[in-house]
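Trainee: Could you take me through one part of this structure closely, starting with the sheet and then turning to the aromatic rings? Please keep it plain.

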Amino acid sequence: MTDTAEHSGTWTDLLTRWDRQQDLYIEQRERRFDVMFDFLGELAPGPAPTVLDLACGPGAISDRLLRRYPEGRAVAVDVDPVLLTIGQGACGDHGGRLRWVRTDLRTRDWVTTLDEDGKPGTFDAVLSSTALHWLSPPELVAVYRAAATLLKPGGVLINADYLPAGPRNKRIRGACAAVNARRQSAALAGGAEDWETWWKNVESVPALGEAVETRRRIWPEGTKDEWASPGVDYHEAALREAGFAEVDVVWQDIEERVLIALMP
């Protein structure tokens with residue numbers, strides 16, 4: 001494991017640049033986080049929520065959540081060793097309130113890697129942002145089923161992600177793609193660092209050498225380019241099938257949506 005303290009400035013810089021790069025693709029990203037936490041406060045009231053951060057990346061949700069909830073606790077899980085290294089180095093553990101777990105949501109036994117946190121009814125909320133679209137439809141269904149078991153009665157799942165319109169809405173989807181392309185072109189013209197450039201720069205950081213090699217074994221070049229991206233209707237149906245009683249979109253900007261599901 002790389003000495004996170006020795007490279008703290010590197011991790012903070014990479015996380016800052018990650019956020020800016022994500023802003024290129026999600027114009028109202030911070031507003032979307034605010035909506036997530038506003039609804040969390042309404043649906044899981046109290047000063048100390050226990051939250052599972054699914055496919056956490058470098059900890060965007062967990063870090064913001066624990067700054068907003070000084071008594072809260074989060075378990076942040078992801079399979080990507082590079083993003084986890086950056087997140088742990090930049091965000092730390094918030095005084096023992098943030099636990100990082102490397103696990104692969106595509107496997108059947110990922111819940112067991114949470115140890116004590118993998119018990120049924122552990123969490124007040126399961127949150128995810130810009131992540132679950134990487135899962136295939138069967139993998140997504142399995143993750144939603146597992147999340148339902150981990151939530152307390154009445155618990156809430158909030159997924160903020162690219163959730164496209166249904167495949168029958170061809171003209172609408174085409175218009176969405178065109179609007180997004182214009183937005184991203186404008187941001188790039190302003191000097192924003194895109195996904196490919198950010199990763200190219202990250203892979204040149206010596207302190208991340210081992211993590212980069214591990215990541216390449218997980219995703220050999222060319223295997224991570226195609227998004228599964230099941231539509232919003234599929235997500236809603238999968239959540240209801242998993243046992244959630246209420247499911248609805250509470251915020252959207254083009255095809256970026258905040259989808260909320262409540263356990264009975």
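Mentor: The sheet comes first. It is open and has seven strands, in the order β3-β2-β1-β4-β5-β7-β6, with mixed pairing. At its edges stand β3 (98-102) and β6 (246-253); each has a single partner strand, so one side of each lacks a neighbour in the sheet. On average, neighbouring strands of this sheet are turned by 15° against each other, direction ignored. Keep in mind that this is a predicted model.

As a general point, strands of a sheet pair through backbone hydrogen bonds, either parallel or antiparallel.

Helix α5 (residues 137-150) lies across β1 (50-54), β4 (123-129) and β5 (151-162), and runs at about 145° to β5.

That leaves the aromatic rings. A pair of aromatic rings is described by the distance of the centres and the angle of the planes. A search of the whole structure finds five aromatic pairs. One of them joins Trp18 and Trp195: the pair is tilted, with 6.0 Å centre to centre and 55° between the planes. This pair links distant parts of the chain, since Trp18 is in helix α1 (residues 8-25) and Trp195 in helix α7 (residues 195-202), 177 residues apart. Trp18 has a relative accessible area of 7%, and because buried means under 20%, Trp18 is buried. Trp195 counts as partly exposed at 24% relative accessibility.

Trp18 has another partner, Trp198. Their pair is edge-to-face, at 4.9 Å centre to centre and 65° between the planes. The angle is over 60 degrees, which means the pair counts as edge-to-face. Trp18 lies in helix α1 and Trp198 in helix α7, so this pair ties together parts that are 180 residues apart in sequence. Both Trp18 and Trp198 are buried.

One aromatic cluster is formed by Trp18, Trp134, Trp195, Trp198 and Trp199.

How values were computed:
Residues are numbered from 1 along each chain as its sequence is written. This is a predicted model: local features need pLDDT of at least 70, side-chain atom pairs count only at pLDDT 80 or more; totals for chains, interfaces and linings use all residues. Side-chain values use heavy atoms; hydrogens and water are left out. Rings of Phe, Tyr and Trp (its six-membered ring) pair if their centres lie within 6.5 Å; planes under 30 degrees apart count as stacked, over 60 as edge-to-face and the rest as tilted. Helices (H or I, at least four residues) and strands (E, at least two) are DSSP runs, numbered from the N terminus. Buried means under 20% relative accessible area, exposed over 50%, partly exposed in between (1.4 Å probe, protein chains only). Two strands pair if DSSP finds at least two bridges between them. Axes are lines fitted to C-alpha atoms, for helices over the stretch in contact, and angles run from 0 to 180 degrees between N-to-C directions. Contact means heavy atoms within 4.5 Å.
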